[in-house]
Amino acid sequence: MSTTLHPTARSGASSYSRVHIVLTSAIAALAGLLFGLDIGVISGALPFIAKNFQVGDQMQEWIVSSMMVGAAVGALGSGWVSRVIGRKVSLMIAAALFAGASAICAFALNPAMLIAGRVLLGLAVGIASFTAPLYLSEIAPRTMRGALISLHQLMVTIGILAAFLSNTAFSGAGDWRWMLGVIAFPAIAMLVGLIFLPRSPRWLMSVGRREEALAVLKKLRGDEQTIQTEMREIDEQLKVEFEGWSLFRGNKNFRRSVWLGVLLQIAQQLTGINVVMYYAPRIFGLAGYGSAHDQLWGTVIVGAVNVAATFVAIGLVDRWGRKPILYTGFSVMAIALASLGTLMHVGITSPSHQYAAVAALLVFIAGFAMSAGPMIWILCAEIQPIKGRDFGIAVSTFVNWVANTIAGATFLTLLNTLGHAQTFWLYAALNAAFLLMTLWIVPETKGVSLEQIERNLMAGKALRRIGQ
Ligand code: BGC
């Protein structure tokens with residue numbers, strides 16, 4: 001392909017670039033959607049799997065959390081994989097794994113095969129949850145970068161809702177195989193879509209394929225000056241890139257931002273969000289709704305509230321700032337879970353108690369979706385210095401999945417050993433603790449440039465002040 005710009009290329013390239021940006025966003029949407037589908041599907045399938053394979057609580061915990069174990073490994077390994085083979089091919093591998101693993105789960109002959117399928121599915125989720133936002137940030141025009149992080153979270157919630165709806169649709173016949181298998185279709189659509197996407201220009205330059213990078217940028221940007229500026233910037237950034245691990249060992253200030261990312265992701269998961277996502281029907285059962293039909297419709301409402309409240313976060317994040325939103329969210333979640341625990345303690349014996357329990361659960365979900373859901377991902381992307389961004393985000397994403405695994409793998413055991421009320425009280429107390437964590441160490445980053453945050457971090461300012 002010629003590398004000089006044709007006189008009419010400007011207009012042609014800009015219509016080209018619009019198409020590419022729409023396509024790119026669609027792929028972002030599919031990666032987020034698959035992430036959400038896989039989080040959402042298991043709650044509806046689990047009761048039928050348990051019945052079909054005759055498995056108890058411990059095996060059920062393993063079936064749920066095997067995917068998260070795979071995701072943790074996938075997230076950690078994907079920094080290396082996406083550097084060696086590129087972002088686009090990594091995403092294609094993730095899409096193929098999504099499709100293949102969904103089929104393995106759908107045809108599982110026994111619990112062991114199901115667990116193996118879910119570990120593979122997890123690898124796909126882990127790779128996608130790291131690589132998709134990275135690819136997007138490298139390919140999107142600068143002005144769209146922030147919006148894409150929120151868009152990604154919104155698509156996760158839509159994926160969860162879609163899974164809850166599909167669970168409900170297949171529940172009449174108790175068809176857990178279709179619930180798990182149907183995810184192969186969007187995965188195949190993603191694989192096909194990816195074939196047409198360009199490689200990341202930043203990655204191409206990092207492996208010395210400048211001509212190809214230039215050709216991609218011509219398709220995506222369309223104006224010669226923007227292209228030249230961007231290539232210069234990429235050259236500059238590449239000089240300091242991939243220093244994550246040595247920076248972590250040698251720089252105490254970078255270690256602080258990595259630990260902050262780790263802490264934020266632990267807090268996000270230990271709010272208890274995925275306990276509800278994975279075991280929602282069981283929780284509706286505890287709230288007195290006995291039939292599978294009621295329980296599945298209950299989860300659909302949970303999914304819808306999760307999507308709706310995410311819009312609240314998107315609308316508020318650049319007006320209120322991150323900290324006021326997190327204060328509100330952690331308080332709402334602590335109060336809602338404490339109320340749910342108290343209702344279980346006194347006994348859910350009347351319809352009014354049942355309504356109150358469902359209301360508490362929905363308030364909890366809304367509290368999460370309007371705060372810690374998107375806010376933690378945004379903060380984790382904002383606090384890392386440029387030299388350590390890939391490393392810092394890979395580590396915090398890895399920890400997100402480890403904490404997710406721990407929450408998923410212990411919930412039923414907690415219910416059985418601590419008791420129902422006590423388990424919800426424990427999560428309420430954790431949310432109260434995260435409120436204090438926000439007060440003491442979380443920075444406010446609203447409206448501050450990433451360069452300013454980096455300067456403050458590296459100058460050794462207290463973490464809660466690096467946004468000033
Ligand atoms: C979390 C997921 C969670 C989802 C719920 C995301 O931000 O990382 O673990 O299931 O929100 O909407």
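**Figure 1. In which helix is Q60 found?** Q60 is found in helix α2. This is a predicted model, in which local features need pLDDT of at least 70 and side-chain atom pairs count only at pLDDT 80 or more, while totals for chains, interfaces and linings use all residues. Residues are numbered from 1 along each chain as its sequence is written, and side-chain values use heavy atoms, with hydrogens and water left out. Helices are DSSP runs (H or I, at least four residues), numbered from the N terminus. Q60 has a relative accessible area of 9%, so this residue is buried. Buried means under 20% relative accessible area (1.4 Å probe, protein chains only). Q60 touches L46, A50, V55, R282 and L412, not counting residues up to four places away in sequence. Contact means heavy atoms within 4.5 Å.

**Figure 2. Helix α2 has a kink centred on S78.** α2 covers residues 57–84, 28 residues in total. From first C-alpha to last, α2 reaches 41 Å, close to the 40 Å expected at 1.5 Å a residue. The expected span is 1.5 Å times one less than the number of residues. The kink is about 45 degrees. A bend at a residue is the angle between axes fitted to the seven residues ending there and the seven starting there. Just after α2, G86 takes a positive phi of about 95 degrees.

**Figure 3. Helix α4 is mostly covered.** Of its 29 residues, 21 are buried. The end C-alpha atoms of α4 are 41 Å apart, which agrees with the 42 Å that 29 residues should span at 1.5 Å a residue. α4 bends by about 25 degrees at A128.

**Figure 4. Helix α4 packs with helix α18.** Two packed helices are described by the angle between their axes and the distance between the axes. α4 spans residues 111–139 and α18 spans residues 389–417. Their angle is about 145 degrees, and their axes are 11 Å apart. Axes are lines fitted to C-alpha atoms, for helices over the stretch in contact, and angles run from 0 to 180 degrees between N-to-C directions. α4 passes α18 in a right-handed crossing. A crossing is right-handed if the near helix is turned clockwise from the far one by less than a right angle. V125, S129, F130 and L134 in α4 meet D390, I393, A394, T397 and W401 in α18. By class, this contact has six nonpolar, two polar and one charged residues. Ala, Val, Leu, Ile, Met, Phe, Trp, Tyr, Cys and Pro count as nonpolar, Asp, Glu, Lys and Arg as charged, and the others, Gly among them, as polar.

**Figure 5. Helices α14 and α16 cross at roughly 35 degrees.** The axes of α14 (residues 292–320) and α16 (residues 351–369) come within 7 Å. The crossing of α14 past α16 is right-handed. From α14, the contact uses I301, V302, V305, N306, A309, T310 and A313. From α16, L361, L362, I365, A366 and A369 take part. By class, the contact has 10 nonpolar, two polar and no charged residues.

**Figure 6. Q384 lies in the loop between α17 and α18.** α17 covers 372–382. Q384 is buried, with a relative accessible area of 2%. Beyond its neighbours within four places in sequence, Q384 contacts F254, S257, V258, R389, G392 and I393.

**Figure 7. N431 is found in helix α19.** α19 covers residues 420–441. Why does N431 count as buried? Its relative accessibility is 0%. Leaving aside neighbours within four places in sequence, N431 is in contact with T271, F330, M333, A334, L337 and F364.

Notes. Helix = DSSP H or I, 4+ residues; strand = E, 2+ residues; numbered from the N terminus. Buried < 20%, exposed > 50% of the residue type's maximum accessible area, 1.4 Å probe, protein only.
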